Amino acid sequence: MASNWTVCGVCDFRNIKKASVVWCSECDEGLCDECSEQHGAVKSSRNHSVMPVTEYQKQPSKVLEITQTCQKHQEHYQTFCKKHDCSCCRRCVIETHNDCKDLTAIDDIVHNIKSSNAFFEVEQILAEMLENVRRIRDDRTENLKCLQDQREKIAHDINQTRKMINDHLDKVQDKIMKELYANEENESKKIKQLLSEIGDIEKGISDLQVKQNNIRQHASDRQTFLALKHIEKEVSDKEECIQSVLNGDNMKIKTHCLVINKEVQNICRIASFGFVGVGSKSCKVVIRRNKSQQVQIMIPFSISKGIDDIKLSNTMQIDLKSAACVRGCIILPNGKMMFCDYNNRNIIALNSNGTHEFEIALDTKACDIAYIERKIPLP
């Protein structure tokens, strides 16, 4: 827990209760007017960055809870270990990280942290996530309106058909209309519940944006660095929520459908008015991601994969002629696939979905095939 910023840390150490007026991020404590004046005159602290307590308390509560002192050794963090992705004090380095090679001074890391790529990427991803949530919300709202419009159209068709028959259809019409409204109510309820969840996610992302903006304006570089990791974790959780919503069954576009009984005019033998159901198709929402698709860790530590760690997976299985003897193949920029049939002396062309398109007969047996992007003038 960070120091109590409401009281002067120096006076509190001397059992004197005085309210703080400024906050020193380097000392991680508040100072009253008198102590602030002495703090600015002492050589060891005259270059420290201080801010009014009224500005400091505007930071998000999560930032105010972050401590800049090692809880184990009660010393200020001085080093960051890339291997363990953690801040270290002087004694931590000696006791735990003595064998770690990727140690960096925190002062070097936090320099210009608010203009760093990591801070910018978090802002960008938050904006993209908010846009994606709004796109999902608009899609669900559109589907809700589509269900209502289709319901009205189907209801109109039912009424028009009803005019062609006598009162014998009253009971059957009432039954089919109840089914129609029941389906709409059921699907609309699901969509409204999903919209409520989307609204919660949207609010959470907006809160994160406000939190980060407050950090930009009021937090010190050291606090920004430490707080950014918490924000990155929350951003990752929100992105998982968005993806979970998008992959859920409730994101499928639901539609009403009506099948009119062909014998409806032969009223004496009609037992049902028709059929009302709910169709679905894949939604049109496409999640936009930045080039990294993930929040970049501010101090990345990655281990390159060896060839033994790479696992292949089957994407598509293509059936060629049983007599084909493929010696070479190539995928063209438009997605088409070309195969050399050595025994049959031809080139087999397939579409990107694996369907057969055409063949080119050769006067010789081809062992391989190549694609030349640039046109080479013939001699």
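Guide: Let's begin with the sheet and then move on to a few side chains and loops. A quick word first: this is a predicted model, where local features need pLDDT of at least 70, side-chain atom pairs count only at pLDDT 80 or more, and totals for chains, interfaces and linings use all residues. Residues are numbered from 1 along each chain as its sequence is written, and side-chain values use heavy atoms, with hydrogens and water left out.

Now, the sheet. Three strands make an open sheet, ordered β2-β1-β3, with antiparallel pairing. Strands here are DSSP runs of E with at least two residues, helices are runs of H or I with at least four, and both are numbered from the N terminus. Two strands pair if DSSP finds at least two bridges between them. At the edges stand β2 (29-31) and β3 (50-52), each with a single partner strand, so one side of each has no neighbour in the sheet. From one strand to the next, the twist averages 35°. Look at β1 (residues 22-24): three bridges join β1 to β2 in the antiparallel sense. For Trp 23, the bridge partner in β2 is Gly 30. Helix α2 (residues 33-41) packs on this sheet and touches β1, β2 and β3, and its direction makes about 105° with that of β2. Contact means heavy atoms within 4.5 Å. Axes are lines fitted to C-alpha atoms, for helices over the stretch in contact, and angles run from 0 to 180 degrees between N-to-C directions.

Next, the rings. The structure holds one aromatic pair. Rings of Phe, Tyr and Trp (its six-membered ring) pair if their centres lie within 6.5 Å; planes under 30 degrees apart are stacked, over 60 edge-to-face, and the rest tilted. Phe 80 belongs to strand β4 (residues 79-81) and Phe 225 to helix α9 (residues 221-247), so the pair ties together parts 145 residues apart in sequence. Both Phe 80 and Phe 225 are buried; that means under 20% relative accessible area, with exposed over 50% and partly exposed in between (1.4 Å probe, protein chains only).

Finally, a loop. Asp 85 sits between β4 and β5 (86-88). Asp 85 isn't a glycine, yet has a positive phi of about 55°. With 36% relative accessibility, Asp 85 is partly exposed.
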